[in-house]
There are 2 protein chains.
Amino acid sequence: MITMASSLEQLRQRLALFPGVGPKMAERLALYILRAPDHEVHQLLLAIEEARRQVIHCPVCFTLTEETPCRICADESRDPRVLCVVEQAAEVDAFEKTKAFRGRYHVLHGALSPLDGIGPQELKIAELLRRVHADQVKEVIICTNPTLAGETTATYLAEKLHPLGARVTRIGYGLPMGGDIEYADELTLTRALEGRREI
Amino acid sequence: MITMASSLEQLRQRLALFPGVGPKMAERLALYILRAPDHEVHQLLLAIEEARRQVIHCPVCFTLTEETPCRICADESRDPRVLCVVEQAAEVDAFEKTKAFRGRYHVLHGALSPLDGIGPQELKIAELLRRVHADQVKEVIICTNPTLAGETTATYLAEKLHPLGARVTRIGYGLPMGGDIEYADELTLTRALEGRREI
């Protein structure tokens, strides 16, 4: 702790609000910020402001982007009738790296978790259903994480999507259970895409 | 990674420069900053600027403070002739919490580590020697960490301090309170035996 300088203690407490940052880590970060050269701190403050000003949700697929619509939604060469549904924007990047998918994405911004108060209203589910209907989507590949919340979401989406006539598939279980899509290697992700099945 | 929004990726890279922050953690922090409410981010930026503007090194003991000299150096009830020498300012707080020490401190801002290019010039050692001489200090308790760098520093300081006539002591080694003898490492047990006292 750094009680000798109250503004430093203030900064430490602010940093301790970050997810995954404990009191000791917050102190390390605060001391680093204190000692860093002016230009480095200036760059950090600038980066925070830039990111907050420029990053928006794509109005079509809800990924994080600086363009409207995002680069993928604007790419005419990509099939708008095959959607890959993911929980988080960072997962779009993971799939893009495989170069194995030429359809479009839809970012839910989370997964159903009733105990945490996350229901269908909290996610971009209504927007997905509207999009599937409007674009006459022929396949929705549900790529939520292989976790309890991800599975629950997949089942819920399948129920809602079936009446719309689209084929609903789940990403193949080349993924290790309990793993994280974002950090799966590219081959595993490619195999998982190939191994998708009807649900 | 978040390549879809370059300003977000910029922010992630900035945060990844922090000590102990890996790429995954940096991404989590960047996304948190992106989603946080305006007032929270404003408070964070303010805290960074305040800390950087207000926090200085005490000109006497070199701890982090907002006052000149720091509260401890200004406290007349504390014995200026007993110094506790520590590596980092945060360690002053650790000792203050014990309420067991009524002398003054001296913060070295590191420990000797020639392989990392940290020699006596990089630390507040000349200032310590001047202070011991000027204040006619009668005891210097060397409280550097029980690591290779801390031990090296303690030995070096002892050599430099002896000619000045001050008593030079090293903080006691032994079992940590609440520790378990069975799991203590051999070096700690050896030091604990050496440090035994009459009861």
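**Salt bridges, contacts and helices**

Modeller: Let's start with E50(B), which is partly exposed, with a relative accessible area of 27%. Here buried means under 20% relative accessible area, exposed means over 50%, and partly exposed is in between (1.4 Å probe, protein chains only).

Biologist: Before we go on, what kind of model is this?

Modeller: It's a predicted model, where local features need pLDDT of at least 70 and side-chain atom pairs count only at pLDDT 80 or more, while totals for chains, interfaces and linings use all residues. Residues are numbered from 1 along each chain as its sequence is written, chains are lettered from A and ligands numbered from 1 in the order in which they are written, and side-chain values use heavy atoms, with hydrogens and water left out.

Biologist: OK, back to E50(B). Which side chain does E50(B) meet in a salt bridge?

Modeller: That's R53(B), with 2.4 Å from N to O. A salt bridge here is a side-chain nitrogen of Lys or Arg within 4 Å of a carboxyl oxygen of Asp or Glu. R53(B) is exposed, at 57% relative accessible area.

Biologist: And where do E50(B) and R53(B) lie?

Modeller: Both are in helix α3 (residues 38–54) of chain B, 3 residues apart, which is about one turn of the helix. Helices (H or I, at least four residues) and strands (E, at least two) are DSSP runs, numbered from the N terminus. An α-helix has 3.6 residues a turn, so residues three or four places apart point the same way.

Biologist: How many salt bridges are there over all chains?

Modeller: The structure holds 18 of them. One is between R102(A) and D75(A), whose closest N and O atoms are 4.0 Å apart. That pair links distant parts of the chain: R102(A) is in the loop between α4 and β4 of chain A and D75(A) in the loop between β2 and β3, 27 residues apart. R102(A) is partly exposed, at 46% relative accessibility, and D75(A) is partly exposed too, at 26%.

Biologist: What about between the chains? How many salt bridges cross the interface?

Modeller: The rule finds 2 across the interface of chain A and chain B. D38(A) forms a salt bridge with R52(B), with the closest N and O atoms 2.5 Å apart.

Biologist: Which element gives the most to chain A's side?

Modeller: α3(A), with 13 residues. By class, that side of chain A has 31 nonpolar, 9 polar and 15 charged residues. Ala, Val, Leu, Ile, Met, Phe, Trp, Tyr, Cys and Pro count as nonpolar, Asp, Glu, Lys and Arg as charged, and the others, Gly among them, as polar.

Biologist: And how much area do the chains bury between them?

Modeller: About 5000 Å², 64% of it on carbon and sulfur atoms. Buried area is the accessible area (1.4 Å probe) that two parts lose on being put together, summed over both. In chain A, M4(A), F18(A) and R52(A) lose the most area to chain B, together 16% of what that side buries. The contact (heavy atoms within 4.5 Å) takes 55 residues from chain A and 54 from chain B.

Biologist: Switching topic: which residues of helix α5 in chain A are buried?

Modeller: In α5(A), residues 125–134, the buried ones are I125(A), L128(A), R131(A) and V132(A). Seen down the helix axis, the buried residues of α5(A) fall within an arc of 120°, so they line one face of the helix. That arc is taken from the directions from the helix axis to the C-beta atoms. They pack against β3, β4, β5 and α6 of chain A. On the other side of α5(A), R130(A), H133(A) and A134(A) are exposed.

Biologist: Last one: where is there a cis peptide bond in chain A?

Modeller: Between T68(A) and P69(A), with omega about -10°. P69(A) lies in the loop between β2 and β3 of chain A. In chain B, a cis peptide bond joins T68(B) and P69(B), with omega also about -10°. Most residues other than glycine have a negative phi, and most peptide bonds are trans. On the phi side, H109(A) is not a glycine and has a positive phi of about 65°.
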